[in-house]
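Reader: I have a structure open and would like to go through it piece by piece. Can we start?

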Amino acid sequence: MHAMTTTFRFYAELNDFLAPEQRGREFALRCARAATAKHMIEVLGVPHTEVELVLVNGESVGFERALGDGERVTVYPKFEALDVTPLLRVRERALRATRFVADSHLGGLAHLLRMTGFDTLYDNHFRDDEIERIAAAQGRIVLTRDRELLKRRGLMHGCYVHALRSKPQLREVFDRLDLAGSAQPFTRCLSCNAPLRTIDKAQVASRLPAGVLERYEHFVVCDSCGRVFWQGTHWRRMREMVDALLAPES
Ligand SMILES: [Zn+2]
């Protein structure tokens, strides 16, 4: 059995996935001969979805590049790779629409993404294979804190979420995917993920308390669950929260 020694160096937050002694430095690793770049990167604990650029001996390569003895592999996440744009990317193209499927632990984040208008499927019964299938069939980006899920072969677009609480998680996803410009707050039902539709006051009058009818003129409805929303106190609280989230970080 021929083995070979390859040198690796990972940049920025990709180091979070590595064993402590491998972080922030070059290290040598014995690999099976002709192991692919993708395979070795995932063996080291880094899901392929987190990687934007791989260099071997200073040249950009695709994930399927077979590694050779004595080669030097450097691996970059999206942000760190920005200043080397002309190089080959490991994924050919970005998805046309930004749509998500969140794993069963990210209900809070899914809720906030819907609040900011992004189509986000979430169900706390989703299994990993279902998430993989849904993402592939519908062109959705998988959101998870489970790196084994991101290593699945059929999974092309994913985002490992580093933060533990939902608001910092939303900030992290917004920054990584540059979403602030395409946010459309309050256009999507928080419980169903269905788009909201404006509706004439007269059509919903019979379903609303008199106090609401007196104070508000504009209403939206979810055709999936039938709920009617207006810009009341709850809406204003959410509006303030969303504005704070969308504001550039100081
Ligand atoms: Zn609804």
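**Metal site and salt bridges**

Author: In this predicted model, the zinc ion is held by the SG atoms of Cys-189, Cys-192, Cys-222 and Cys-225, at 2.2 to 2.4 Å.

Reader: What spacing do the donors of the zinc ion follow along the chain?

Author: They follow C-x2-C-x29-C-x2-C.

Reader: And what is the arrangement of the 4 donor atoms around the zinc ion?

Author: Tetrahedral, because the donor atoms subtend angles of 102 to 114°.

Reader: Is Cys-222 buried or exposed?

Author: Cys-222 has 0% relative accessibility, so it counts as buried. Cys-225 is at 34%, which means partly exposed.

Reader: New topic. How many salt bridges are there?

Author: The count comes to 12 salt bridges. One of them joins Glu-26 and Arg-72, with the closest N and O atoms 2.7 Å apart.

Reader: Which parts does that pair tie together?

Author: Glu-26 is in the loop between strands S1 (3-10) and S2 (27-32), and Arg-72 is in strand S5 (residues 72-76), so the pair links parts 46 residues apart in sequence. Glu-26 is partly exposed at 37% relative accessibility, and Arg-72 is partly exposed at 45%.

Reader: What does Asp-223 form a salt bridge with?

Author: Asp-223 meets Arg-197, at 2.8 Å from N to O. Asp-223 lies in the loop between strands S11 (219-222) and S12 (228-230) and Arg-197 in strand S10 (residues 196-199), so this pair ties together parts 26 residues apart in sequence.

Reader: Is Asp-223 buried or exposed?

Author: Asp-223 counts as exposed, at 53% relative accessibility. Arg-197 is partly exposed, at 39%.

Reader: Which residues do shared partners join into one network?

Author: Arg-99, Asp-119 and Arg-140, through their salt bridges.

Conventions: Residues are numbered from 1 along each chain as its sequence is written. This is a predicted model: local features need pLDDT of at least 70, side-chain atom pairs count only at pLDDT 80 or more; totals for chains, interfaces and linings use all residues. Side-chain values use heavy atoms; hydrogens and water are left out. Donors are N, O and S atoms within 2.8 Å of the metal (3.2 Å for Na, K and Ca); water is not among the atoms, so sites may look incomplete. Four donors count as tetrahedral if all angles lie between 85 and 135 degrees; four count as square planar and six as octahedral if opposite donors are over 155 degrees apart and all others between 65 and 115; anything else is irregular. Buried means under 20% relative accessible area, exposed over 50%, partly exposed in between (1.4 Å probe, protein chains only). A salt bridge is a side-chain nitrogen of Lys or Arg within 4 Å of a carboxyl oxygen of Asp or Glu. Helices (H or I, at least four residues) and strands (E, at least two) are DSSP runs, numbered from the N terminus.
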